[in-house]
Amino acid sequence: MVLRHSQSGREKWVSMLKIVRCEIISMTRNDTIDAYVLSESSMFVSKRRIILKTCGTTTPLLCLKSLLYLVQRYAGYDEVQDLFYSRKNYKRPELQQEPHRTFADEAALLDAMFHDGAAYCLGAVNRDCWYLYTLNPYASPAGHSLSALLAGATDGDDGFGASDGEEGTDGSSSDGGCDGIEDSGSDGADSSDDSLDLRTMNLSGLNKRNVSQRYSISLGGGRGSNTSEADQTLEIMMSDLDPEVMKIFTKQFSANAAEATQKSGIDKILPNVTIDDYLFDPCGYSMNGVLKNGEYMTIHITPEAKFSYVSFESNIPQSSYMDVIARVLETFRPGKFIVTSFANKASVVEDTHKDLLNADILSEFKRRDIQYCHLKNYDLTYALYSKFPS
């Protein structure tokens, strides 16, 4: 992928991320994956997949058309084979920017691009729940052409027609849309994808960093396309965390990110990980870890007591994730958490689904909700746990 391992590729990501309202802080990479720590979480770029995880009042859906323009022009992919977009429900949706205030608005934006999309809610809609948008499992077996999705895009030199001087002071584009690309949706927010594996988690909160969003785009139909490669993702979204653990992720108790990583035990969650971490001032923490074969882990932390939140995510391939889940819970000591496990047919992950179904009690946590979905090429398990007897 031309967008990897190059200064010009990094410059294109910088321009795209201005639409999202975040910027690159640091980057680490190996032969299979580039991992960026962002001012608002993380981005991962590998041969066929781009993962963008943001937080705060960012607007990740607004950059999709620009993102797809980049991968079509510079990476040679031409088809969206699958799409996943997901997030947890908000406590304070009014703090978000359009179109992220309601899942209905997000789904409508995606529906305007994908004729066979389907929106779901896992969990109780009046309590903790998790939204998912994906392509209908049976409506259309063929992928979505990037050329059709990007119809009307201008052929600017990098997919972003506006110059740097035209961006607003907050890093967003002056018109709120995708620069250099003609948008047909409301607020300039149309988006389209090639092999979209769009998974976004939006967490509630009172401060900027306690809302995280994620999507992942898998590319297909071009050079190097391999639709049968294994894909899996474990996500753990934790809240009501132990204050003694959370204070580690403040400048008052840790001098730098490396100290916070070591004190907390984050460096022991997964072995052989190359870590790139950042400690915000006065508080807050982000890290990316990369392993061989495109495997990664990422953690983002808001430590404030009233709305503490930690997200953990990894795509390591193993038959069961229960040992990883246990280490994560021991590290952060949440009061409650949501866990989701995605795996496609080619993945070795097979036991976690039944393990979670059988785990009514998990250490000091009681399962409050669980749902299983069989999607197009993927199996998904959602479970909610909280400390008993609460």
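Cysteine 22 counts as buried, at 8% relative accessibility. In this predicted model, cysteine 63 is buried too, with a relative accessible area of 0%. Cysteine 22 is in no disulfide, and the nearest cysteine sulfur, that of cysteine 63, is 8.3 Å away.

**A pair of helices**

Let us turn to two helices, α1 (residues 7-20) and α2 (residues 64-75). Two packed helices are described by the angle between their axes and the distance between the axes. Here the axes come within 10 Å and cross at roughly 160 degrees. Angles over 145 degrees count as roughly antiparallel, so that is the label for α1 and α2. The crossing in which α1 passes α2 is right-handed.

Which residues of α1 and α2 meet? From α1 come Lys12, Trp13, Met16 and Ile19, and from α2 come Ser66, Leu67, Leu70 and Tyr74.

**Backbone points to look at**

Two residues other than glycine have a positive phi: arginine 21 at about 80 degrees and serine 41 near 100 degrees. Where do they lie, and are they buried or exposed? Arginine 21 is found in the loop between α1 and β1 (24-29), and its relative accessible area of 27% makes it partly exposed. Serine 41 belongs to strand β3 (residues 41-46) and is buried, with a relative accessible area of 0%.

There is also a cis peptide bond, running from aspartate 281 to proline 282, with omega near 10 degrees. Proline 282 sits in the loop between β13 (274-279) and β14 (285-290).

| Residue | Relative accessible area | Class |
|---|---|---|
| Cysteine 22 | Cysteine 22: 8% | buried |
| Cysteine 63 | Cysteine 63: 0% | buried |
| Arginine 21 | Arginine 21: 27% | partly exposed |
| Serine 41 | Serine 41: 0% | buried |

Methods:
Residues are numbered from 1 along each chain as its sequence is written. This is a predicted model: local features need pLDDT of at least 70, side-chain atom pairs count only at pLDDT 80 or more; totals for chains, interfaces and linings use all residues. Side-chain values use heavy atoms; hydrogens and water are left out. A disulfide is a pair of cysteine sulfur atoms within 2.5 Å. Buried means under 20% relative accessible area, exposed over 50%, partly exposed in between (1.4 Å probe, protein chains only). Axes are lines fitted to C-alpha atoms, for helices over the stretch in contact, and angles run from 0 to 180 degrees between N-to-C directions. Helices (H or I, at least four residues) and strands (E, at least two) are DSSP runs, numbered from the N terminus. Angles under 35 degrees count as roughly parallel, over 145 as roughly antiparallel, 65 to 115 as roughly perpendicular and the rest as oblique. A crossing is left-handed if the near helix is turned anticlockwise from the far one by less than a right angle, and right-handed if clockwise. Contact means heavy atoms within 4.5 Å.
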